[in-house]
Amino acid sequence: MSKLNIGIILGSTRDGRVSPQVGEWVKGIADKRGDANYEIVDIADFKLPFLGTTDGTEPGIAAWNEKLANLDGFVFIVQEYNHSITGALKNAIDFAREAWNNKAAGIVSYGSTGGARAAEHLRGIMGELLIADVRVHPTLSLFTDFENFSVFKPQDLHLDNVNAMLDQVVAWSGALKVLR
């Protein structure tokens, strides 16, 4: 059986964002496992317009859907903005439908309360899209895991949670692959 393909989706597009630091950290942990192919998927690279404001023929929309269709599971890197996910992430999620179906996802969130409220909003969205969200959810604090809120310096205690989350993502992604 070939290895599963898991996308680590960066959920922010703003200037000065820290999601690339968090995503690379997760990927570094994941790559040491050898149990799947992991890749960073940066929604900023697709230059998606706002949903409903164009005719939908922009090349980034098709490329986004193709990328998602070729993945077996996901890890969302989620920042909390006003108690929810970013508008950019919601927009990107809404630009696909079937490409999400019958796949698994984990969440690594951060914010003043570890991004927990954003993660809970994302879980509701995932349920509608037939994404099976896994239970283990690493939460990172802007106060203890970032220096000056901008330089990511995770505490060692998060390593076990990230690996446990990845265990679940890989297991569920493999199980759900038979449905597709």
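Which residues do ring pairs link into a cluster? I went through the predicted model and found Phe 46, Trp 64, Phe 74, Phe 76 and Trp 100 joined in this way.

Next I searched the whole structure for aromatic pairs, and the search gave 9. I picked out Trp 64 and Trp 100. Their ring centres lie 6.1 Å apart, with 70 degrees between the planes. I logged the pair as edge-to-face, because planes over 60 degrees apart count as such.

Then I checked where the two tryptophans sit. Trp 64 is in helix 2, which covers residues 59-69. Trp 100 is in the loop between helix 3 (87-94) and strand 4 (103-111). The two are 36 residues apart, and I noted that the pair links distant parts of the chain.

I turned to Phe 146 and Phe 152.

Last entry: the histidine. I located His 158 in helix 5, residues 158-177. Is His 158 buried or exposed? Its relative accessible area is 4%. Buried means under 20%, so His 158 is buried. I then listed its contacts, leaving aside neighbours within four places in sequence. His 158 is in contact with Trp 25, Thr 139, Leu 140 and Asp 145.

Methods:
Residues are numbered from 1 along each chain as its sequence is written. This is a predicted model: local features need pLDDT of at least 70, side-chain atom pairs count only at pLDDT 80 or more; totals for chains, interfaces and linings use all residues. Side-chain values use heavy atoms; hydrogens and water are left out. Helices (H or I, at least four residues) and strands (E, at least two) are DSSP runs, numbered from the N terminus. Buried means under 20% relative accessible area, exposed over 50%, partly exposed in between (1.4 Å probe, protein chains only). Contact means heavy atoms within 4.5 Å. Rings of Phe, Tyr and Trp (its six-membered ring) pair if their centres lie within 6.5 Å; planes under 30 degrees apart count as stacked, over 60 as edge-to-face and the rest as tilted.
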